[in-house]
Amino acid sequence: MYKTNIQSIYLEKRFPLRISRGVRAGSSNLFVEISDENGNTGIGEGAPGGSEGAADIESAMKIAQEHLSQNPDFSHPVSHYRASLNNGLAPCVLAAFDIALWDLLAKQAKLPLHRLLGLPAPHGITSMTIGIMTAEEARERVQILFENGRIYHALKIKLGNPEGIEADQQMYNAIYPFAKENNISLRVDANGGWSVEDAKKMMSWLAERNCDYVEQPLVEGDEHRLSEIFQNRPLPIYVDESCRFASQIKNYSDSVDGVNLKLMKCGGITGALEILNTARAHNLKTMIGCMSESSISIGAGAALTGIIDHIDLDSHLNLNPDVAEGLQLNNGMILPDSNNYSGHGSVLK
Ligand SMILES: [Mg+2]
């Protein structure tokens, strides 16, 4: 018999994050705990989002309650994932249950989650995200981020400014000299904010300024136009919003270089493993990103990083305070802060 507890917790951001679609200062997330009769408890987290099936915490809590009232089968995360997805459970709510079930299974086996999954240890530097802002604000933000000796080896700059690509270029130019001087990699996420023409112009411009790759240049729904910017591309192209589930990858596998998975889009660890396997089968690179999440779901994502090319697990670093603990920023990498842990390694404070 399993005991379940669900709750919402407010996460306040240190810096409000602005992207091409709007600005956020904080959010409430869904936390799911599933306990067995032997005292093991798995914990998972879901960040509500309109595109992930629950626009706000009220609807996420309601959907989670309804899911529990249907007595879901918690005997294995994969069967739970399949059945729940078939029943139309919102991916961000499913993610909270799926992460909790994998965490529980790993704790029952007394193994770190990556070992239960047969994966190498968490690895790889994370990008730190800088939202859309003015050039002056960007210059200040970089100074603040790196104060007190904090080390990030990569910055992800959010472009696709509604004011146009000149504003994008001004913001990038504000960060570029600092990055060059300090040997910091730069990546760009347009969040679908560019037209085909903008994307072509910006990719050429960015390629001359040490940018590693661009993410989601075109808006979700315009995947059929990716081939127009893929041909003769000066930079690798990754899709994020366009890749929610593994089943979509075949639609654009010949017009992108890689896919960015998020646990909230695909419904947790189970969906993420499907994306990683499918991407690899199509010879695509992989990336893992996050929504507004605490260390709980970031820890779950970190468990997969041993087989992922680019890591963007930084939302917990922009919380004041993080409501969970168990991870450290070690030489630019998100790693468990203990060698002796089971599950994903993160717990609520
Ligand atoms: Mg993105």
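Two strands pair if DSSP finds at least two bridges between them. Strands here are DSSP runs of E, at least two residues long, and helices are runs of H or I, at least four, each numbered from the N terminus. This is a predicted model: local features need pLDDT of at least 70, side-chain atom pairs count only at pLDDT 80 or more, and totals for chains, interfaces and linings use all residues. Residues are numbered from 1 along each chain as its sequence is written.

**Sheet**
- Strands β7 (residues 211-215) and β8 (residues 237-239) pair in the parallel sense over 2 bridges.
- Val 214 has Ile 237 of β8 as its bridge partner.
- Both strands belong to an open sheet of 8 strands, ordered β4-β5-β6-β7-β8-β9-β10-β11, with parallel pairing.
- At the edges sit β4 (127-130) and β11 (310-311), each pairing on one side only.

**Helix on the sheet**
- Helix α10 (residues 269-281) lies across β9 (258-261) and β10 (285-288).
- It runs at about 175 degrees to β9 (axes are lines fitted to C-alpha atoms, for helices over the stretch in contact; angles run from 0 to 180 degrees between N-to-C directions).

**Helix pair α5 and α6**
- The axes of α5 (residues 135-145) and α6 (residues 165-181) come within 8 Å and cross at roughly 30 degrees.
- That makes α5 roughly parallel to α6 (angles under 35 degrees count as such).
- Ala 135, Ala 138, Arg 139 and Val 142 make the contact from α5 (C-beta atoms, placed from the backbone, within 7 Å).
- From α6, the contact residues include Gln 170, Met 171, Asn 173 and Phe 178.

Methods
Parallel < 35°, antiparallel > 145°, perpendicular 65-115°, else oblique. Contact = placed C-beta atoms within 7 Å.
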